[in-house]
Amino acid sequence: MKLSRLPPLGALRTFHAVAGCLSFKGAASQLSVSATAVSHQIRLLESVLECRVFERSAQGVRLTEAGQLLYAGTQSAFTSLEDAVKKIDQARQSPALTVTTTSNFLTNWLVPRLADFNAQFPHIDVHLHTSVELIDLKKRTVDVAIRYQEAPESDLHSTLLWEDRFIVVASPNLNLKNADDLNHVMLLHVENRHVPAESPDWEHWKRRYGPDTLNTNRGVRFSEETHALQAAVAGSGAVIASKLLVADLIQRGVLVAPFDDSLPGANYYLVTLEESVERAEIVALREWILKMLAL
């Protein structure tokens, strides 16, 4: 049996362009060649195939039956070629990792440690994203989420990173020694905390630890913990904040935790799709975070 000879790739590419827009002129523009060159390639193709692939008329261009068969083949072939080239390009590029988390965690814990991650994994390009809305990982716009919640998600792979507690912190200049001293300083409030279920606020603190005379309605209110912490560093008052997120500020001596008491918080989880758990970049990030939290 005589083996069919494949037409030249250039002729097939030209045919694919014409078939896609059903216009010789449109294909010429798309390929950045002249209409004459397009006509030449189509004549060459039809010569090799020994049949017509287009019907030309005053109304325009349409595919013949043979042309329809060939177009189905070129669509599959060129799609596969484009996918292969895209994979080659991706393999040559540095692996990228898009991470979404809360603004507070990003600002107060992750950003100060990014230099260490970059030093250990210089080949991984990290893209950081914050949002007040829960990002659906199944849409694949992000690879990893670091979430603050009370329980893991059943349909995703969750790694427990940290069990949070909330403590009172203030500038050392305020010289807080005991619970009664809270009556004499500004109370800094963080509003709209949705987790944990029982908010770690001043009313909660008063019920557990006092003093009974504490007026929990007074003070300044903030929508974000980071801004409340900045006010505390400036000496404006005392705030109840995440023990994890104030650790660096305490270590630097700009804030102190005058009391041993604490309120329960939620948990930090590293969340990703089950199919992505073993991706090298995600494994690296997960193990690095756990290592840093253990320090």
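Colleague: Why is Asp 116 called partly exposed?

Modeller: Asp 116 has a relative accessible area of 31%. Buried means under 20%, exposed means over 50%, and partly exposed is what lies in between (1.4 Å probe, protein chains only), so 31% falls into the middle class. This is a predicted model, in which local features need pLDDT of at least 70, side-chain atom pairs count only at pLDDT 80 or more, and totals for chains, interfaces and linings use all residues. Residues are numbered from 1 along each chain as its sequence is written, and side-chain values use heavy atoms, leaving out hydrogens and water.

Colleague: Where is Asp 116, and what does Asp 116 touch?

Modeller: Asp 116 is in helix α6 (residues 114-120). Helices (H or I, at least four residues) and strands (E, at least two) are DSSP runs, numbered from the N terminus. Leaving aside neighbours within four places in sequence, Asp 116 is in contact (heavy atoms within 4.5 Å) with Trp 288 and Met 292. Asp 116 and Trp 288 are 172 residues apart along the chain, yet their C-alpha atoms are separated by 9.3 Å.

Colleague: What makes Phe 117 and Phe 121 an aromatic pair, and of which kind?

Modeller: Rings of Phe, Tyr and Trp (its six-membered ring) pair if their centres lie within 6.5 Å; planes under 30 degrees apart count as stacked, over 60 as edge-to-face and the rest as tilted. The structure holds 11 aromatic pairs. In the pair of Phe 117 and Phe 121, the rings are 4.9 Å centre to centre with 40 degrees between the planes, so this pair is tilted. Both residues are buried. Ring pairs also link them with Phe 105, Trp 109, Tyr 148, Tyr 268 and Trp 288 into a cluster.

Colleague: Which residues touch the most other members of the largest nonpolar core?

Modeller: They are Trp 109, Leu 182, Trp 202, Leu 285, Trp 288 and Ile 289, out of 40 residues in this core. A nonpolar core is a set of buried Ala, Val, Leu, Ile, Met, Phe, Trp, Tyr and Cys residues joined through side-chain atoms within 4.5 Å. Helix α10 (residues 280-294) gives the largest share, 7 residues.

Colleague: What makes α5 mostly covered?

Modeller: In α5, 6 of its 8 residues are buried; Phe 105 and Trp 109 are among them.

Colleague: Why does Glu 50 count as exposed?

Modeller: Glu 50 has 70% relative accessibility, and that is over the limit for exposed. Glu 50 is in the loop between α3 (35-49) and β1 (54-57), and has a positive phi of about 60 degrees although it is not a glycine.
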